Amino acid sequence: MTRAEPARPLDTDVVLRRAAAPDARAAADVWLSSFAAALPTVVSPRSADEVRGYFRDVVVPFRETWVADAGGGHGIVGVMVLADDELSQLYLAPDWRGRGLGDRFVALAKERSPLGLTLWTFQVNRPAHRFYERHGFVAVEYTDGGGNEEREPDVRYLWRP
């Protein structure tokens, strides 16, 4: 007989806030660790240093970037990037998944884009499909991956209120 792990508490003390320049490296590190954990079969076309540079030079200064700040020595544990009506990035540090942070980020995205949202996720990322579908997103397009830099088949999701 195996013991069930205790449920992880929701992290209501985590603050969702707009990212600032000093958050870029931590946000990129969340992206890197989450991508590696959630998508082990997908090869990133960028090195870790290139991802960090992209977050520093493009994402944080020029995109609507939000972070989940756990404070207390934990720091940044999640990142979400919006581009108009597209939820272009949503990544959580692996140890912080299942605590309600993704739900909070999606609620914020819907608040920021009340007329609807679109997003892309890889076809192999079944947990993401379940997550977004639970939040009312519907798959509207499947591709062979020719349009993304990973060359990985993906799915476009749409949410309308």
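Reader: In strand 4, which residue is the bridge partner of V79?

Author: This is a predicted model. Strand 3 and strand 4, the latter covering residues 86-92, pair in the antiparallel sense over six bridges. Within strand 4, the bridge partner of V79 is Y91.

Reader: Which residue in the turn between strand 3 and strand 4 has a positive phi?

Author: Strand 3 and strand 4 form a hairpin with two residues between them. A positive phi of about 60° occurs in this turn, at D84.

Reader: Which residue of the hairpin of strand 2 and strand 3 takes a positive phi?

Author: Strand 2, residues 64-69, runs antiparallel to strand 3 and is joined to it by six bridges. One of the facing pairs is D69 opposite I76 of strand 3. Six residues lie between the strands of this hairpin, and the one with a positive phi near 55° is G71.

Reader: How many residues of strand 3 are buried?

Author: Strand 3 spans residues 76-83 and has eight residues. A residue counts as buried at under 20% relative accessible area. Strand 3 is largely enclosed by the rest of the structure, because the number of its residues that are buried is seven.

Reader: What is the bridge partner of A139 in strand 7?

Author: Strand 7 also pairs with strand 6, residues 138-142. That pairing is antiparallel and comprises four bridges. In strand 7, the partner of A139 is Y157.

Reader: In what pattern do the helices and strands of the protein chain follow one another along the sequence?

Author: The secondary structure of the protein chain consists of four helices and seven strands. Read along the sequence, their order is β-α-α-β-β-β-α-β-α-β-β.

Reader: What is the radius of gyration of the protein chain?

Author: For 161 residues the globule rule gives 15 Å. The value for the protein chain is close to this, so the chain is as compact as a globular protein of that length. Its radius of gyration is 16 Å.

Reader: What percentage of the residues in the protein chain is buried?

Author: The protein chain exposes about 9,100 Å², of which carbon and sulfur atoms supply 52%. Among contacts with a separation of 6 or more, 63% are between residues 24 or more positions apart. Of the 161 residues, the buried share is 44%.

Reader: How far apart are the mean positions of the positive and negative charges?

Author: The protein chain carries 20 positive and 23 negative charges. The distance between their mean positions is 3 Å.

Technical notes:
Residues numbered from 1 in each chain as written. Predicted model: local features only at pLDDT ≥ 70, side-chain atom pairs only at ≥ 80, totals over all residues. Heavy atoms only, no water. Buried < 20%, exposed > 50% of the residue type's maximum accessible area, 1.4 Å probe, protein only. Pairing = 2+ DSSP bridges. Rg over C-alpha atoms; globule rule 2.2 N^0.38 Å. Contact = heavy atoms within 4.5 Å. Areas by Shrake-Rupley, 256 points an atom, 1.4 Å probe, with all protein chains shown as cover. Lys, Arg positive; Asp, Glu negative; His and termini not counted. Charge placed at Lys NZ, Arg CZ, Asp CG, Glu CD.
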